[in-house]
Number of protein chains: 2
Amino acid sequence: MDVVVVGSMGYDAITTPMGAGEDLLGGSATYAGLAAAFGGHDVGVVGVVGRDFKDDDRALLEARGLNLEGLVCSEGSTFRWWGSYEGAMNEATTLRTDLNVLGTFEPRVPEAYRNPSVLLCANLHPAVQAAALDQVDAQRLTMLDSMNLWIETAKDGLLDVLKRVDVVVLNDGEVRSLGEQRTTAAAAAVVRGMLRPDATLIVKRGEHGAYVLHPSGPMVVPGVPSPGLVDPTGCGDSFAGTIAAALARGAGPVGREELRAAVERACVVASFTLSTVGVNGLLAMDEAAMDARRLDLQRLSQ
Amino acid sequence: MDVVVVGSMGYDAITTPMGAGEDLLGGSATYAGLAAAFGGHDVGVVGVVGRDFKDDDRALLEARGLNLEGLVCSEGSTFRWWGSYEGAMNEATTLRTDLNVLGTFEPRVPEAYRNPSVLLCANLHPAVQAAALDQVDAQRLTMLDSMNLWIETAKDGLLDVLKRVDVVVLNDGEVRSLGEQRTTAAAAAVVRGMLRPDATLIVKRGEHGAYVLHPSGPMVVPGVPSPGLVDPTGCGDSFAGTIAAALARGAGPVGREELRAAVERACVVASFTLSTVGVNGLLAMDEAAMDARRLDLQRLSQ
């Protein structure tokens, strides 16, 4: 298996100045898994849904190549999130969260998922991420995403899992909050000190792209300019999923050029994700359109 | 003459979470002029001060190579600005402004300043910028900076001067405000449409560096990571002054590589400006330290 993704799966209700939708298939494992599976990667999902999870959505995920053996269907309702974006749409405002079956989720990783090339712990409570790390022996590397909620409510647990992985993906607000510094660069240096000595920190900066602390030194990858922002939900998850897949078929420590190419691809994928409400922008992506945006992005630095 | 700078000169009182100072030599022409004169460029300043302008400050500017023939000393007091920065320190809060002699300033450009290589209209009321443009026939190019105050209070005048110059420098907040778009890239495309067809728009993005719309296509130059932010006052002015000087000794239309090198140098200079309260960080800069930071910056994109 190339990538195993542990994360949330659920239904979102989203309002942005550019669009809105309800009962949208969402969750960190949905976006990360769909992005990772793009291009034919073998991806397994570990997560939980309730009895109300729609057959159509299950069929969609499977049609996109996701292995759902690790997706448990529990008594109760699927996780639901209500969010809105205002102004420059940099940050979601959570209006309501119903954890439902996610509230008591204890990941059980299927036997077939135990040795993937890459394990991606997508955004979830750090204790659930720790339980996944306990059960998976990733062949190449482990990755982890998180969010401000866990920095505020489960910081000790988060600090523990941060020390257990090879690549950490956070956004700039999370890095400033966790590092307690005013600038992203200063905060990233502090957060880097919370990780393993040979770990990589990837800081997502919205339309500004990514700031990466790799053992070879820092690196900046610009964002794709002006792709028509409609809904940023899932950008960070599809970004992380893309990196996981891009690194899954390599071997040994992740090199600087390999990482740069992966982050560029992830910035391109995020630019498709944000172009519609829900997963449709991500689903509409194809390699030709991606190549065009990747060339645009590379020209920015030339 | 390499560069003529038209702008404000005055005294600032600044409070930031990292430092504070009063009676600090400041103003857009001060920062832009000092940055432009660095490295031996021949720079003239057009501006106005009052009778309280200190001889020591005049001597400092002259010692740094600024020609002050165009600096009028009027009856009355020098312009004063009180500002503070909070949080991520991206934007100044103006606590008080005393225009004093700047309130009735009508620029009179000395004969010796009439044909510089580059005219830089640093931040000032658009009507004053227009009066300077009327009097100067720049040999290579004209540049213009502005601020949110003029977008809000003198938009028609600003739109007029924007159409008269070759290079416009604005920060991302100003570009979003003027372009009335949520993302910097989208707003920059709108603002670009307000300029001459062959003009270049340089969007300053604080620690994220610069996003540039050049006739050859867009370009991103990252900021210098983690130089120790103390006071961002004057960063934009020293950024613009550096670009003016870097382009002053070339000829013909500004090429993409020439512009990239100028913007990289400007990002490096801004990283020195923000390292202290007032002009001291800028004054302490030397070529060896600049080279080291420029290499760091270039490595970010490799």
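1. With 302 residues, what radius of gyration would a compact globule have, and what does chain A have? A compact globule would have a radius of gyration near 19 Å, and chain A has 17 Å, which agrees; the radius of gyration is taken over C-alpha atoms, and the globule rule is 2.2 Å times the number of residues to the power 0.38. Along its principal axes, the C-alpha trace of chain A spans about 50 × 40 × 35 Å.

2. This is a predicted model, in which local features need pLDDT of at least 70 and side-chain atom pairs count only at pLDDT 80 or more, while totals for chains, interfaces and linings use all residues. Residues are numbered from 1 along each chain as its sequence is written, and chains are lettered from A and ligands numbered from 1 in the order in which they are written. For chain A the mean pLDDT (the predictor's confidence in each residue, from 0 to 100) is 96, and 99% of the residues reach 70 or more. For the complex, the predictor gives an ipTM of 0.90 and a pTM of 0.94.

3. The secondary structure of chain A comes to eleven helices and 14 strands, where helices (H or I, at least four residues) and strands (E, at least two) are DSSP runs numbered from the N terminus. Buried residues make up 59% of the 302 residues in chain A; a residue is buried if 20 or more other C-beta atoms lie within 10 Å of its own, exposed if 12 or fewer, and partly exposed in between, with C-beta atoms placed from the backbone. Among contacts in chain A between residues at least 6 apart in sequence, 66% join residues at least 24 apart, two residues being in contact if their C-beta atoms, placed from the backbone, lie within 7 Å.

4. How are the two chains related? Chain A can be laid on chain B with an RMSD of 0.0 Å by a turn of 180 degrees and a shift of 0.0 Å along the axis, which is the relation of a two-fold axis. The copies are superposed by least squares on the C-alpha atoms of residues with pLDDT of at least 70 in both.

5. The contact between the chains takes 22 residues from chain A and 22 residues from chain B. On the side of chain A that touches chain B, helix H7 (184–192), strand S14 (217–221) and helix H11 (287–300) of chain A each supply at least two residues. The residues of that side of chain A divide into twelve nonpolar, six polar and four charged, with Ala, Val, Leu, Ile, Met, Phe, Trp, Tyr, Cys and Pro counted as nonpolar, Asp, Glu, Lys and Arg as charged, and the others, Gly among them, as polar. Because 100% of the interface residues of chain A are also interface residues in chain B, the copies meet through the same surface.

6. In chain B, the buried residues of helix H7 (residues 184–192) are Thr184(B), Ala185(B), Ala187(B), Ala188(B) and Val191(B). They cover an arc of only 160 degrees around the axis, which puts them on the same side of H7(B); the arc is that of the directions from the helix axis to the C-beta atoms. The buried residues of H7(B) pack against helix H6 (172–179), strand S12 (200–204) and strand S13 (210–214) of chain B.

7. Helix H6(B) is largely enclosed by the rest of the structure, because seven of its eight residues are buried. Among these buried residues are Asp172(B), Glu174(B) and Arg176(B). The cover over the buried residues of H6(B) includes helix H4 (148–153), strand S11 (167–171), H7 and S12 of chain B. Just after H6(B), Glu180(B) takes a positive phi of about 55 degrees.

8. Arg205(A) is found in the loop between strand S12 (200–204) and strand S13 (210–214) of chain A, and Arg205(A) counts as buried, with 22 C-beta neighbours inside 10 Å. Not counting residues up to four places away in sequence, Arg205(A) touches Asp172(A), Thr184(A), Ala210(A) and Tyr211(A), as well as His208(B).

9. Ala266(A) lies in helix H9 (residues 256–273) of chain A and counts as buried, with 28 C-beta neighbours inside 10 Å. Ala266(A) and Ala35(A) are 231 residues apart in sequence and 8.9 Å apart in space, C-alpha to C-alpha.
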